[in-house]
Amino acid sequence: MVTVANLVVTGSVWEKKTDPLAEALESQARRYWVNVFNSPMQIMRFATETHQRAMVRELDDWDDVNDPRPCYLLCTSPAAAEALAGLSHLKQSLAVRERRLRFVAVGDETAAQFAATIKLEGIARVSREEVMTPAVSGHADKLVQKLIETAPDGSIVFTLESASDSGDIARGLVSGGLRVVRLPVFSISLQNLIDLPKSDLPWWFLITNSSVLKTLVQDLRLQKMRPEHMLWMGHFRSTESVLRRLIPNAHWMELPDLLPVNILETISKSEFC
């Protein structure tokens with residue numbers, strides 16, 4: 001088959017599940033003369049039943065359902081929002097606090113997934129516009145300051161995060177006088193980039209999660225591939241910001257959406273093919 005480009009799909013996947021976007025791209029790639037390589041950079045796992053029940057107990061210990069003050073539910077990543085959808089006991093505990101809940105996310109990508117999950121899972125009726133985000137998407141420090149300035153003294157914040165989260169957000173909020181309950185709703189195992197074949201064709205990398213970029217760039221260098229010569233694409237501007245901190249002169253293509261046909265057309269019609 002004649003091909004014009006290579007595409008590496010790096011989306012994170014949940015344990016024992018496949019990436020539907022990667023599968024859709026693989027099934028349609030021939031029509032656009034593109035080779036698709038699926039290389040999930042993270043494997044994610046939901047919190048266990050035992051851990052979930054422990055989180056619910058901690059919520060009840062630290063927060064009185066009848067407290068008149070708002071409680072803030074802060075989502076640290078799109079994966080944290082996805083994980084919440086699979087934790088029934090935690091969802092029920094949050095739903096009884098619906099009237100008090102206020103929603104916060106670290107960036108635009110996370111806010112979009114978070115709002116969709118909260119609404120779809122029946123926790124609360126919330127739109128993307130109602131989710132507080134920092135002025136600069138992805139800047140956790142700015143979000144912490146904004147929340148400290150907004151929340152009444154002594155308010156409580158529930159942080160949806162990974163089990164390996166650094167805790168910087170929680171520490172910042174506590175130092176600003178807020179109470180924090182950390183909710184490790186999922187865990188992550190980092191994966192290495194698959195061994196890529198030698199090719200004279202352009203290499204495109206589809207990035208749907210900016211947190212994988214550092215590992216991905218390191219792995220490319222280990223494979224003697226120059227990241228600054230690669231072509232990068234994604235849907236969120238915040239991803240470009242992270243990429244340019246690693247590769248200042250990176251060639252970046254911002255996609256209007258993540259529809260497979262649009263991704264493949266963008267590649268096949270690009271000046272590099």
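Student: What should I know before reading the model?

Tutor: Because it is predicted, local features need pLDDT of at least 70 and side-chain atom pairs count only at pLDDT 80 or more, while totals for chains, interfaces and linings use all residues. Residues are numbered from 1 along each chain as its sequence is written, and side-chain values use heavy atoms, with hydrogens and water left out.

Student: Which residues touch the most other members of the largest nonpolar core?

Tutor: In soluble globular proteins, nonpolar side chains tend to be buried together. A nonpolar core is a set of buried Ala, Val, Leu, Ile, Met, Phe, Trp, Tyr and Cys residues joined through side-chain atoms within 4.5 Å; buried means under 20% relative accessible area, exposed over 50%, partly exposed in between (1.4 Å probe, protein chains only). Here the largest core has 35 residues, and Leu 90, Phe 114, Leu 160 and Val 185 touch the most other members. Helix 3 gives the largest share, five residues.

Student: Which residues of helix 1 are buried?

Tutor: Helices (H or I, at least four residues) and strands (E, at least two) are DSSP runs, numbered from the N terminus. In helix 1 (residues 20–28), the buried ones are Leu 21, Ala 22, Leu 25 and Gln 28. Down the helix 1 axis they fall within an arc of 140 degrees, so they line one face; the arc is that of the directions from the helix axis to the C-beta atoms. Pro 20 and Ser 27 are exposed on the face of helix 1 turned away from the buried side.

Student: What do the buried residues of helix 1 pack against?

Tutor: Their partners are strand 1 (5–9), strand 3 (34–38), strand 9 (203–206) and helix 10 (260–268), with contact meaning heavy atoms within 4.5 Å.
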